[in-house]
Amino acid sequence: MKASMIAASIPALPRIVKKNIALTRSAKLRQMLLSDELEFLMEAHNGLSARIVREAGFSGIWASGLSISAQFGVRDNNEASWTQIVDMLEFMADASDLPILLDGDTGYGNFNNMRRLVRKLEQRGIAGVCIEDKQFPKTNSFLNGERQPLADIAEFAGKIAAGKDTQNDPTFSIVARVEALIAGWGMDEALRRAEAYRLAGADAILIHSKLSKPDEIVTFAREWAGRGPLVIVPTRYYSTPTEVFRAAGISTVIWANHMVRSATSAMQSVAREIHASQTLVNVEDRIVPVNEIFRLQDADEYSAAERLYLGVSATSRSAVVLAASRGKGLEAVTTDRPKVMLPIAGKPLLRWLIDSFKKENINDITVVGGYRVDAIDPAGIRLVVNERYAHTSELASLTCAVDALESDTVISYGDLLFRSYVLRDLVEAAADFSVVVDSSPTGASNRTVRDFAYCSRSDDRGLFGTQVLLKRVVSGSEKKLERPQATAPETAPQGRWIGMLNVSRQGLVKLKAVLGELRERPDFDTLDMPALLNALIAAGAAIEVVYVHGHWRGVNDLEDFRRAADFAHAQTPFGAAPGAATVGTSRE
Ligand code: SPV
Ligand code: MG
């Protein structure tokens, strides 16, 4: 019977007209095959390319056998096992919610292998499989296609029927690929096979051609006369206007290998360039930044989940350490290093601070260096530089670090030593802003007095849980210049701000805004951390006070430096430091 006569006896195919309803992936692929519009499947070969295809706007993915083999570095001859292919499909299905049509070669064996394949594909959310009527193991159709033996029609029809009988989801699609034109068997054979496969239950026919013109495809489509959806792969007749496919009544076009080919040409030129020039500088601006890879991997979702399941204090904290200054009063010992690299009881001041952060599980640590930044040991930190350190103050340094911050953050002077609980109590404070204030008598445990803290209540150490707010901080230099305003509690301050501020993720938004406003001021380069705290308070921020009573040290002059060693020894485990005899001899 001629194909056109069969067509006349077949009722019109049902059309799924409703779009935008929540469909499974299989239903979406079936809808694409049956829709009146010309649809497109784009090749992908791994999770990353599947994500890129989705973001480009495609509605479905062709999991190309050629491309998946190629990205494994093997030939398109069933050298990769079918389970390796299915493993890759799992990554693709996870990375993209698009329907995926697997290029299932010959079904990887006989009807029985086909049944198992269909079960495994359904389990992994794959929308359909295309099988071709060649013999296992196959060879790519464009490699000596005419020499490749075709499958027996009845055997192949049985394989299709076995697949259809196996699928659980009625919308899972099996596309039968006719290789008769590739193998040089002619149009009649192609039509005969397509019809047999349709009758065996195939949901669509893929008619393949290796000519550079679409003639065979157009003829086939005319003879086929709408008996079922037709799928084509115009790799060879690529210059054909897409309108020709529409006019021919094609259902779906597969762009079959263009992701792996474009990736290959990009990789070849970048590899060549880096090899020849022995530098990255020529390619950096011509390839995606690493952050784009993070975005495609959905790194933000991981961070959000981390906050949810590990708790905000677990790994999502950052710290910024202001360490740009040489240290006034310490010139004699800082010719070759900044203050933070002064050795205290055998290790640099900065390392004491970093170790304290790490103990609190704060691992994302940015240190802002300036003076002799080359002498700062960068191990375990992100080092940024305030190039204008000689002419600027603390807020200019903070600005160098703050834009990159997104999680809860401790901002700290670089010259602090403290007992562990001081940092722990600070990060455990629930407020958006919290500061550590030392309520011990001014000057008692620190010779150099700087940031006076005026608070809503003085430290009543018997009253745990009472919230105390910071009202104003007056820094040493500021105190000389201006008196606390009339609204601030007069007379004695309630303590001293030790130089540590904790800011929540939400608080960070406000801090960035206030810092942005301060940057507009002509005197910005002279502003210090107390100026920021006062500006935050003026902008309505509630800054909670965490009182301590001693138990910390700042290093501001040679005498502080000398005494710091005693304090540090007292923080060292028993038996670990020979000089630990000073434990308990002072208030620290
Ligand atoms: C594939 O993409 O692996 C295909 C299409 O099967 S083709 O390479 O044109 O045969
Ligand atoms: Mg293939």
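Tutor: Buried means under 20% relative accessible area, exposed over 50%, and partly exposed in between (1.4 Å probe, protein chains only). This is a predicted model: local features need pLDDT of at least 70, side-chain atom pairs count only at pLDDT 80 or more, and totals for chains, interfaces and linings use all residues. Side-chain values use heavy atoms, without hydrogens and water, and residues are numbered from 1 along each chain as its sequence is written.

Student: How many salt bridges does the structure hold?
Tutor: There are 31, a salt bridge being a side-chain nitrogen of Lys or Arg within 4 Å of a carboxyl oxygen of Asp or Glu. In one of them, Arg-124 meets Glu-90 at 2.9 Å, N to O.

Student: Is Arg-124 buried or partly exposed?
Tutor: Arg-124 is partly exposed, at 25% relative accessibility. Glu-90 is partly exposed as well, at 34%.

Student: And what about Arg-193 and Glu-189?
Tutor: Their closest N and O atoms are 2.7 Å apart, in a salt bridge. Arg-193 is buried at 2% relative accessibility, and Glu-189 is buried at 12%.

Student: What backbone oxygen lies 2.6 Å from a polar atom of the Arg-51 side chain?
Tutor: That of Ala-95.

Conventions:
Chains are lettered from A and ligands numbered from 1 in the order in which they are written. A polar contact is a pair of N or O atoms within 3.5 Å; within protein, one must be able to donate a hydrogen and the other to accept it, and residues adjacent in sequence count only if both atoms are side-chain atoms.
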